[in-house]
Amino acid sequence: QVQLVESGGGLVQPGGSLRLSCAASGGIGSIYVMGWFRQTPGKQRELVATITSGRSTNYADSVKGRFTISRDNAKNTVYLQMNSLKPEDTAVYYCNFNLFYRQYWGQGTQVTVSS
């Protein structure tokens, strides 16, 4: 019954900002790692950022210094603040919740960075 619902994608100019949100509906257990991935046609799905239950973070080199991942455990929600966006950030972004024994994926939200 658990679903991950994403929001916040859209069209933005280079240098602009967006904030993505992903919230779990229904009951869910303790989430060890929350993360964001992205994918474009012809490319492998790649890791963007992760955050553990202890709030340790990890970022892809391409987004370090520009993106910030955070989580709100009370709301079962993960966020991705994206600043200084570049055209190469254009992709479908997917959230992921890792519960050790099972992973859940969001439906994906399109982010387009273009003039």
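Trainee: Is Asn-76 buried, exposed or partly exposed?
Mentor: Asn-76 counts as partly exposed, because its relative accessibility is 22%. Buried means under 20% relative accessible area, exposed means over 50%, and partly exposed lies in between (1.4 Å probe, protein chains only). This is a predicted model, where local features need pLDDT of at least 70, side-chain atom pairs count only at pLDDT 80 or more, and totals for chains, interfaces and linings use all residues. Residues are numbered from 1 along each chain as its sequence is written, and side-chain values use heavy atoms, with hydrogens and water left out.

Trainee: Where is Asn-76 found?
Mentor: In the loop between β7 (67–72) and β8. Strands here are DSSP runs of E with at least two residues, helices are runs of H or I with at least four, and both are numbered from the N terminus.

Trainee: And what is phi of Asn-76 near?
Mentor: Near 50 degrees, which is a positive value in a residue other than glycine. Ser-84 also has phi near 50 degrees, again positive and not in a glycine. Ser-84 sits in the loop between β8 and β9 and is partly exposed, given its relative accessible area of 40%.

Trainee: What else is in that loop between β8 and β9?
Mentor: Glu-88 is in it, with β8 covering 77–82. Glu-88 counts as exposed because its relative accessibility is 57%.

Trainee: New topic. How many disulfides does the count come to?
Mentor: One, where a disulfide is a pair of cysteine sulfur atoms within 2.5 Å. The partners are Cys-22 and Cys-95, with sulfur atoms 2.0 Å apart.

Trainee: Which parts does the pair tie together?
Mentor: Cys-22 lies in strand β3 and Cys-95 in strand β9 (residues 91–98), so the link joins parts 73 residues apart in sequence.

Trainee: Right-handed or left-handed?
Mentor: The torsion about the S-S bond of Cys-22 and Cys-95 is about 55 degrees, so the disulfide is right-handed.

Trainee: Are those cysteines buried or exposed?
Mentor: Cys-22 and Cys-95 are both buried. Across the protein, 43% of the 115 residues count as buried.

Trainee: How many helices and strands are there in the protein?
Mentor: Zero helices and eleven strands.

Trainee: What about overall dimensions?
Mentor: The C-alpha trace spans about 40 × 25 × 25 Å along its principal axes. The radius of gyration is 13 Å, which agrees with the value near 13 Å for a compact globule of 115 residues. That radius is taken over C-alpha atoms, and the globule rule is 2.2 Å times the number of residues to the power 0.38.

Trainee: What share of the contacts with a separation of 6 or more is between residues 24 or more positions apart?
Mentor: 52%, with contact meaning heavy atoms within 4.5 Å.

Trainee: Where is Tyr-32 placed?
Mentor: In the loop between β3 (18–25) and β4 (33–39). Tyr-32 is partly exposed, with a relative accessible area of 35%.
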